[in-house]
Amino acid sequence: VLVFPKTFARYSAVLAEDVPVLARGRLSVEGEQVKLFAEELEFLREENIQSSPEEDGKLYLNMGDRDQDDLAGLWREIQRVIGRHPGPTPLYLYYPQARKLVEAENCYWVRYSSGLTADLEILLGTGQVKLVKK
């Protein structure tokens with residue numbers, strides 16, 4: 001599978017070794033050589049594994065009252081943290097200044113753990129990360 005730089009940049013923060021992904025793109029066949037040019041990646045979820053109560057919910061991050069430049073840097077740091085925790089839990093970002101709630105693409109979904117919360121609270125502050133169970 002070949003990944004173009006633009007596609008790689010979009011997913012690089014959450015790609016990790018041994019994390020299965022579904023690649024969509026263009027197939028090139030030249031003789032016996034087959035190449036898949038990935039245009040989109042989707043993280044595969046283990047549907048047959050029973051989820052624990054912690055995974056059966058949504059994770060909300062309060063992005064706080066920051067300016068655009070600070071938010072961009074913060075998002076890069078958040079991507080580094082969540083990239084180590086890919087999983088089935090949807091991630092939502094709340095921007096209080098704009099009163100806006102944004103659901104992150106599924107490539108940013110996480111496997112919830114207290115360690116993940118602790119890492120995110122280092123970036124966002126205590127109490128700014130909340131798991132809401134279904």
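Which residue forms a salt bridge with R80? I looked it up: the partner is E77, with the closest N and O atoms 2.7 Å apart. I counted a salt bridge as a side-chain nitrogen of Lys or Arg within 4 Å of a carboxyl oxygen of Asp or Glu.

Before going on, I noted that this is a predicted model, where local features need pLDDT of at least 70, side-chain atom pairs count only at pLDDT 80 or more, and totals for chains, interfaces and linings use all residues. Residues are numbered from 1 along each chain as its sequence is written, and side-chain values use heavy atoms, leaving out hydrogens and water.

I placed the pair next. R80 and E77 both sit in helix α2 (residues 68-82), three residues apart, about one turn of the helix. Helices (H or I, at least four residues) and strands (E, at least two) are DSSP runs, numbered from the N terminus.

I checked exposure (buried under 20% relative accessible area, exposed over 50%, partly exposed in between; 1.4 Å probe, protein chains only). R80 is partly exposed at 46%, and E77 is partly exposed at 36%.

I then searched the whole structure and found three salt bridges.

R26 pairs with E39, closest N and O atoms 2.9 Å apart. This pair links distant parts of the chain: R26 is in strand β2 (residues 21-30) and E39 in strand β3 (residues 33-43), 13 residues apart.

R84 pairs with D119 at 3.7 Å between the closest N and O atoms. R84 lies in the loop between α2 and β5 (86-89), D119 in helix α3 (residues 114-124), 35 residues apart. R84 is exposed at 53%; D119 is partly exposed at 27%.
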